[in-house]
Amino acid sequence: MPNIRARVIDCLVVLVVLCGFLTVAGAPAATAATPSDSLWFDGTPLTVQNGRFTDGQGREVVLRGYNVSGETKLEENGGLPFASVADAQKSATAVRALGGGNAVRFLLSWAHAEPVRGQVDTAYLAAVTDQMRAFLDAGIRVYPDFHQDLYSRYLFNSGSWYTGDGAPKWAVDAGGYPKESCGICLLWGQNITQNAAVTKADSDFWHNAYGLQDAFLATAQSTMSYLVQHLSGTEFAGVAGFDPYNEPYAGSYDSGQTSRTWERDLLWPFYQRFRARMDAAGWQGKPALVEPNLFWNANIDSQKQEGGLLDAGTLGSRYVFNTHFYDQKAISGILMWGKAADGQYASDFGTVRDRASAAGTTALVSEFGHPLSGNVSDKAPTVLKAMYQALDSRVPGASWWTKPASSGPVLSGSQWQWDIYNGRHHELMNDNPGKVVTAGDGWNDEDLSAVRLDDSGTVTLRQDARLLDRVYPSATAGSTLAFTYEDRSRDGSTTLTWNPVPSSLPNVARLVGSGQYGVLVWRSGDGTAPTELHLPASFPASATTVVSDLGTVTAPPAYTASTPVGVAPEPGGTGSRRLLLTDTDSGVLHYALVTNGASAPSADLLGAAKAELAAWAAARF
C-alpha cells in the first residue's frame, strides 16, 4: 500500500526445515466442472510469450482486478482473505459483475501457513484453497502472493502505533531484534527505513540468517504442492503464477553495497531459488511474478533507488516483471497540490513497460491505489482515473488520436484493494484488547478498499462504477497495436473527459456523444479464437454500438462462431458479459470502437463513422 510509499515489503517470509523440504499430506481434489458460460476457447493456462501473457489459443491476455485482500494481514479471520467461503463466493461474483475484474492477487500469510517452524498448518492451507476456488470457479484467474509488511506483526509491542504482517513469531524470536520504534513517524511506511527492528529483520531474511530464507522457501514449496494436489486440473489452469515476495527491500545495505548490487547479489538469487521451488512443486509452466526493490520507481526523488532487476539479464517466459505504483506526492498532502490530470502517470507507467520490454518479458502492476478517506482522499477520483488511463496506454488522452501507435502494450494490474469488511472490522491491534480497530481497512489507518458490505450484507462499490468497471481487451487474437478507454468517470458532480473524440472525426464524435467508449486496434494472428473485450454493466446489449471493419452493429447479437461481432457471458455465471470479435485472416489490421453513446443511431451515421475510423486507422498505422 501507500503511506508515503515507504511501504514495507509485503514480505511473507516462509520457512524451510534444515533437514529438507516440508511435506503436506492430503489427497488430490476431485475433478471440478468447467465454469458455467465457458466457451470452447476459455480456461486454458497462461504462459508468457513474446513479452505478453498468452492463453492456449495464442491470444494476448490482459489481467485486471483487485488484491484479495488486506484482510489477510489481520488476525480477526486467521490470516484469511474472508471469514467464510460464502463471503469469498459473494466477492468473486461482485469482482466480475461490479468491478469488471478477470483476475485477483490472492494474499497468503506465512505466519499462518507455518506457525511452528517446520510444521505447515494444513487446516490453513485447506481454507485458503477453498476460498481461492471460489474465484477460480467464477472464471477469475488467481495469482497467490505471500504477503508481508514491516516484516511481521510480532516485531511490534501491544501499545505500538503501528503493526506489521508476514513472518511468524518463531522467525522474530530467532532474531532477538531490538525494541521497535520509528521515532517521529507520521506514516506507517516510514518504519521500513527508520525502525531498527524492521530493518534488522529484513536484512536477516535477505542474508538467510537463522535459515529464515530457507524456511520461507520450504513453506512456499509446500504451499504450492498443496495447491497442485487439491485443485482440479481445470482450477489449476486458472492460476496465473506466483508472486514470491511483496515489496522487497534490503532493510539496510552492507558496506559498499548499493540498491542495485543488493538486487543483483541477494534479491535475484532468491528469485532463482524460488523459481526452482516452483518447478519442484509442479508449477513449471507458470511464471514467477518477481518484484524489484520497492523504491525503484518511487516518484519522490529522495526515496528513489536504482533498481528494476537491471542485472538479471533476460527474464523471458519464466518470470514476469511485477511492480507497484502509488503516487507518494499525492499521498503526502504537501508535494502535489491539486488533483491528477490527463497523462499524469504516462511516464511512470511507460517506465514499467520499457523495463519489462528490456527484460524480455511482460509487466504486471500488482498494486496501485489511493486513500479513500482522510485529507488527500479528494484526489482519489482523478488519481485512479489517471492510473487506469496509464495502464491502458502510454499516450495521454489529449494526443491519443494523433499518436495511437505509441500506445505500447496494455498493462495488467490489480488495484489495492477489495476488502468487503471495510469499516466493519474487529481487529485487536497487536493482540491488545484495549485497541480494537474497526475503521477503514483495519490496518495502520489505511482506507483504500474499493468495496464494503452494506447493512444488508450486499457488496457495494465505494468508488464510481464508471471508473472501476471498464472496457479492456481481456484477450486479443493477434497483436494489440493501440487501446484507449474514456470512462467518463466522475469527480464529485464533475464528469471527467480526458480523451474527447477529435473534431476531425465528426461522425465518430456524434456517435459517441457524451457516452463512454473504447477503441482497440490490432493485427490479427493465426488462431481461430475471437478477440474479447470486457463489457461493463453500463454497456447493456441494447445500448451498445460497435463500429469495426469486421462489422457495424447496434445491440450486438449473441455470439456464434459465424458471427463476426457478438456478445456472450463471461465464464463463471456472474452475469458479466464480453464483446467477441472474430476475424478469419492473419496479419491484417483491424479496429473496433465500442460505445454506449447515441441510442438507435441511423445506418447513415454508422456508415459515416466507419468510414472515418477506417481512414484514421489506415493513416495512423
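Arg264 has a relative accessible area of 41% and is therefore partly exposed, a class lying between buried (under 20% relative accessible area) and exposed (over 50%), as judged with a 1.4 Å probe on protein chains only. The model is a predicted one, in which local features need pLDDT of at least 70 and side-chain atom pairs count only at pLDDT 80 or more, whereas totals for chains, interfaces and linings use all residues. Residues are numbered from 1 along each chain as its sequence is written, and side-chain values use heavy atoms, with hydrogens and water left out.

**Charged pairs**

Arg264 forms a salt bridge with Asp265, the term standing for a side-chain nitrogen of Lys or Arg within 4 Å of a carboxyl oxygen of Asp or Glu. Asp265 is itself partly exposed, at 40% relative accessibility. The structure holds 33 salt bridges, and three of them are set out here.

| Salt bridge | Closest N to O distance |
|---|---|
| Asp265 and Arg264 | 2.7 Å |
| Glu291 and Arg105 | 3.2 Å |

Lys339 is partly exposed at 38% relative accessibility, whereas Asp491 is buried at 16%. Salt bridges with shared partners also join Arg64, Lys385, Asp392, Arg470, Glu486 and Asp487 into one network.

Glu291 and Arg105, whose closest N and O atoms are 3.2 Å apart, are both buried.

Asp165, in the loop between strand E6 (141–147) and helix H4 (169–175), is buried yet has no salt bridge, and Lys73, the nearest side chain of opposite charge, is 4.4 Å away. Here Lys and Arg count as positive and Asp and Glu as negative, while His and the chain ends are not counted.

**Nonpolar cores**

The largest nonpolar core has 113 residues, among which Phe135 and Tyr151 touch the most other members; such a core is a set of buried Ala, Val, Leu, Ile, Met, Phe, Trp, Tyr and Cys residues joined through side-chain atoms within 4.5 Å. A second, separate core of 21 residues includes Ala482, Val547, Leu605 and Leu606.

How values were computed
Helices (H or I, at least four residues) and strands (E, at least two) are DSSP runs, numbered from the N terminus.
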